[in-house]
2 protein chains.
Amino acid sequence: MTDLILGIDGGGTSCRAAVARPDGSILGRGKSGAANILTDPNNAIISIAEAARAAYRDAGLDEAGVDGASAFLGLAGTNVGDLTRYVHDRLPFRHTDIDSDGLIALQGAIGDTDGAVAILGTGSIYMGRKNDVVRYVGGWGFTVGDLGGGARIGHAALQEALLAHDGVHPRSGLTDAILDEFKHDPRGIVEFARLSKPGDFGRYAPLVFTRAKEGDPQAIAIVTAGAASVNESLDAIMALAGAPRLCLLGGLAPLYPQWLSEHHRAILVEAEADALTGAVALAAKGYRERTGAAA
Amino acid sequence: MTDLILGIDGGGTSCRAAVARPDGSILGRGKSGAANILTDPNNAIISIAEAARAAYRDAGLDEAGVDGASAFLGLAGTNVGDLTRYVHDRLPFRHTDIDSDGLIALQGAIGDTDGAVAILGTGSIYMGRKNDVVRYVGGWGFTVGDLGGGARIGHAALQEALLAHDGVHPRSGLTDAILDEFKHDPRGIVEFARLSKPGDFGRYAPLVFTRAKEGDPQAIAIVTAGAASVNESLDAIMALAGAPRLCLLGGLAPLYPQWLSEHHRAILVEAEADALTGAVALAAKGYRERTGAAA
């Protein structure tokens, strides 16, 4: 039978795979558990192979065929350390390319064109592609980065609630709502923050955007600061990769546009496809380049 | 023999004690290991008793006498949870009062007068006393507070270095110095931040103040933001306790004045004494109130 390709989107909560013909037409899809190569590389290897076999079964193919596939994987955490090579060498595919989860999102969103993508979820990362060269800005994580992401927005809201409690900043509907939730005991907020991961802080971000839209001054200040970070990061990626179009992805993508600079809003486009589709496209491209097959 | 009193200053790195006559005149001093009631209450109990016995020995007194003393303890972490009662009930003294480390610092700094104190070290906390009522602002810790403290200043500098690396913000001598230290690998900064405690971030604060004084624009922006937080927190404590004098304590106390508002600078005074002296004064006051002894 003919060669097949695999696109794989591996993240911290699940791993998705799609098997396709070399021209990129998808035959079947599969899903499995977490594939976080940073926290558990061995389990990520199992999840990746499992998602691939599930895609083969979904396509009515023998799952043993994954051994012959050419796979392109977009994985979170590939910018840190040597785990990418470790995972790469233990996967069953005939050919394996691993890159960042951001790259397959970019590919899915804007296809083969030049353009920029901002992934605004719990964190924030910016990518721009010009003449096939991809540049990155941000994405350094909650602790010392990702100022436009939901975790930092939610964190700022909790901090603002404490400042309002102390009378350092004015109270508002936003800070009252948060203090109500913690029974007006600041120690509850401190304890929550001590135990929280970025995603826990991020759960407050939609509330902040909602209140900001309603005119809450403290919420507006927080969202404006987040948007300032997104704006200046987009300016930086545009300076690197001068992009004619911009696509916002991630959970905050629908919430941010009204707060962004006009020159960024003017070039906003909808995503063409999702990250898994991007992974398939990159798998197809890699296969073509290696085999000389026609597109 | 006559009753004696103990002032005790217990912190995360060491515990200091002073034994005194009921009029507050100090007879001897002692020191022991960490007395952090949050992380290790049982060890804190041992350290506190040890420092007290060392003070008795220093005064040429039988250390068994600590059992008869009236002690006033200023301890870090007393605003969180039920550990204060746990520690209180296990100390050997005849009478034990426990309050915050901030209160004994306030007492030492401004004696029995009305006034305000800002403790600007790794964290930041503000206290004001008016007619014997003490009010607090801030001191909620690094994660969601203490914006004027050294940990947040250092944290902001690392974040600024990453933004400079990405071209989002301009480079400066400060960001170059930090990037040099991490061999211009942003992943080194991310990894440092992941493993750091507040004190680790705080070690960058003096560098930021030094560079700001030299005119570095990024350092000035960070110090100005820190000073804005100190200014507005001082405004809040003044609104609660309208203080005629202000004393800055902690490692950043010598560095902050030039960055503060004129109306705060105008009422700055030097500390009268240290926190241990404040603890002795409060022990003496408590003894007088309970026994009706003359001051």
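In this predicted model, chain A has an open sheet built from five strands, and reading across it gives the order β3-β2-β1-β4-β5, with mixed pairing. Strands in a sheet like this are held side by side by backbone hydrogen bonds, and the pairing can be either parallel or antiparallel. The two edge strands of chain A's sheet are β3 (26-32) and β5 (95-100), and each of them pairs on one side only. From neighbour to neighbour, the strands of this sheet are turned by 15° on average, if direction is ignored.

Now for a look inside that sheet. Strand β1 (residues 5-10) of chain A runs parallel to strand β4 (residues 70-75) of chain A, and six bridges join the two. To pick out one pair, Gly7(A) has Phe72(A) as its bridge partner in β4(A).

Helices come into the picture too. Helix α3 (residues 101-110) of chain A packs on the sheet, where it touches β1, β4 and β5 of chain A, and its direction makes about 90° with that of β5(A). Helix α11 (residues 275-291) of chain A lies across β1, β2 (15-20), β3, β4 and β5 of that chain, and it runs at about 140° to β1(A).

Over in chain B, four strands make an open sheet, in the order β8-β7-β6-β9, and here the pairing is mixed. At its edges stand β8 (133-138) and β9 (246-249) of chain B; each has a single partner strand, so one side of each is left without a neighbour in the sheet. Going from one strand to the next, the twist averages 15°. Strand β6 (residues 115-120) of chain B runs parallel to β9(B), and four bridges link them. Within this pairing, Ile119(B) finds its bridge partner in Leu249(B) of β9(B).

This sheet has helices against it as well. Helix α3 (residues 101-110) of chain B packs on the sheet and touches β6, β7 (124-130), β8 and β9 of chain B, with its direction at about 120° to that of β6(B). Helix α9 (residues 217-241) of chain B lies across β6, β7, β8 and β9 of chain B, and its angle to β7(B) is about 25°.

That leaves the place where the two chains meet. There, 28 residues of chain A are in contact with 28 residues of chain B. The area buried between the chains is about 2400 Å², and carbon and sulfur atoms give 61% of it. On chain A's side, Trp140(A), Val144(A) and Asp166(A) lose the most area to chain B, together accounting for 29% of what that side buries. What about contacts between polar atoms? The rule finds ten residue pairs in polar contact across the interface, while the count of salt bridges between chain A and chain B is zero.

As for which parts of chain A do the touching, β8 (133-138), α4 (150-165), α6 (186-195) and α9 (217-241) of chain A each supply at least two residues. The largest share, six residues, comes from α4(A).

Terms used. Residues numbered from 1 in each chain as written. Chains lettered and ligands numbered in written order. Predicted model: local features only at pLDDT ≥ 70, side-chain atom pairs only at ≥ 80, totals over all residues. Heavy atoms only, no water. Contact = heavy atoms within 4.5 Å. Buried area = accessible area lost by both parts, 1.4 Å probe. Salt bridge = Lys/Arg side-chain N within 4 Å of Asp/Glu carboxyl O. Polar contact = N/O pair within 3.5 Å; in protein donor to acceptor, adjacent residues only side chain to side chain. Pairing = 2+ DSSP bridges. Axes fitted to C-alpha atoms, helices over the stretch in contact; angles between N-to-C directions.
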